Amino acid sequence: MNEKVRCLIIGSGPAGYTAAIYASRANLSPVLYEGLQPGGQLTTTTDVENFPGYPSGITGPEMMEDLKKQAERFGTDVRFGMATAADLSSSPYKITIDNEKVIEAETVIISTGATAKYLGIPDEQKYSGSGVSACATCDGFFYRNRKVAVVGGGDTAAEEALYLSNIAEKVYLIIRKDHMRASKIMQERVFANDKIEVLFEHETEGLTGDNVVQGANLIKRRGQPDEEKVHIEIEGFFLAIGHTPNSEIFKPYLETDEVGYIKVVPGTPRTSIPGVFASGDVADPHYRQAVTAAATGCMAAMEAERYLTEKGL
Ligand code: NDP
């Protein structure tokens with residue numbers, strides 16, 4: 001027998017837990033599955049200083065633990081487990097957990113987040129939280145008047161480089177091609193900024209430093225006759241080579257953009273299927289902040305409550 005629930009929340013970042021707080025307070029008896037990385041992306045950051053209400057900041061893991069406690073306090077059933085398959089063809093929607101158990105849910109809130117892409121070099125792990133970051137808005141502040149590098153040539157990289165240029169002494173923008181993919185206007189802003197030095201046709205070989213990042217070894221024009229080794233002194237190394245939204249199992253049923261972000265009705269968490277909502281980074285290519293994720297989680301729970309009331313469920 002499949003388990004039946006009124007509100008199933010998938011994911012345990014700020015979006016999932018905020019949805020859980022609202023859904024449990026609305027008596028929807030939500031069940032939340034935490035996924036592979038309980039607490040989500042914030043558990044990999046150090047201090048969160050931009051979430052309103054924490055004047056002295058809070059560590060990412062502590063904040064997620066608090067959100068979890070708050071969700072549980074109102075009765076959310078928080079469980080270990082990963083959604084491994086979905087059947088959204090008819091209501092109640094069927095979500096398979098850990099390839100075994102099937103949950104039949106009247107409403108589903110997808111808060112599975114997005115995963116920042118990394119280059120895949122071992123030094124990224126080695127210096128994780130010690131100079132390597134995939135979020136300039138989260139961690140840029142720690143590099144005031146320092147030298148930093150951003151990797152990537154898209155709009156995110158341009159945006160992160162411009163953001164960091166207001167904080168850091170100097171920003172290297174490391175781009176593997178001889179041109180940027182970012183929109184024209186963003187490129188113009190980057191080129192007009194004195195603090196940003198664009199390094200076209202450079203790839204990162206590795207990072208250097210005792211315990212914390214102190215430099216990066218780059219290769220210029222790899223494989224060409226004039227290939228050159230380049231070393232830059234930096235203290236922060238920011239990845240901005242894209243994110244992968246965790247939407248794979250829902251793609252047969254829900255509209256996504258070309259990258260895989262779930263499309264929602266603008267200004268709402270409503271997907272193309274009634275009763276299925278998407279909140280947080282899985283549906284947000286633009287803001288990707290804890291506070292915006294939390295806000296859309298709240299909206300998703302309110303929508304779920306209204307949907308259930310309207311259907312008399
Ligand atoms: P994109 O996929 O647009 O760009 C990724 C960049 O990273 C590319 O320059 C790519 O290089 C580079 N890259 C990828 N893999 C590697 C690698 N292994 N080594 C080195 N470089 C690598 O991702 P974004 O996150 O920038 O943007 C995603 C979407 O969000 C886009 O549609 C963008 O327009 C949008 N966006 C819009 C914003 C705005 O309007 N203000 C702000 C931020 C994002 P290459 O070009 O060689 O493939």
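Guide: Glu3, Asp77, Arg79 and Lys101 form a linked network of salt bridges. A salt bridge here is a side-chain nitrogen of Lys or Arg within 4 Å of a carboxyl oxygen of Asp or Glu. This is a predicted model, where local features need pLDDT of at least 70 and side-chain atom pairs count only at pLDDT 80 or more, while totals for chains, interfaces and linings use all residues. Residues are numbered from 1 along each chain as its sequence is written, and side-chain values use heavy atoms, with hydrogens and water left out.

Visitor: How many salt bridges does a search of the whole structure find?

Guide: The search finds 13. One of them joins the side chains of Asp77 and Arg79, at 2.9 Å from N to O.

Visitor: Is Arg79 buried or exposed?

Guide: Arg79 counts as buried, at 19% relative accessibility. Asp77 is partly exposed, with a relative accessible area of 31%. Buried means under 20% relative accessible area, exposed over 50%, and partly exposed in between (1.4 Å probe, protein chains only).

Visitor: Which residue does Glu201 form a salt bridge with?

Guide: Its partner is Arg221, with the closest N and O atoms 2.9 Å apart. Glu201 lies in the loop between strands E13 (196-199) and E14 (202-208), and Arg221 in the loop between strands E15 (215-220) and E16 (228-233), so the pair ties together parts that are 20 residues apart in sequence. Strands (E, at least two residues) and helices (H or I, at least four) are DSSP runs, numbered from the N terminus.

Visitor: And what about Lys251, what is its salt-bridge partner?

Guide: Lys251 pairs with Glu248, and their closest N and O atoms are 3.2 Å apart. Glu248 is exposed, at 57% relative accessible area, whereas Lys251 is partly exposed at 33%.

Visitor: Switching to helices: how many residues of H1 are buried?

Guide: In H1, 10 of the 12 residues are buried, so the helix is mostly covered. Among the buried ones are Pro14, Tyr17 and Ile21.

Visitor: Last one: where is Lys117?

Guide: Lys117 sits in the loop between strand E9 (114-116) and helix H3 (122-126). At 39% relative accessibility, Lys117 is partly exposed.
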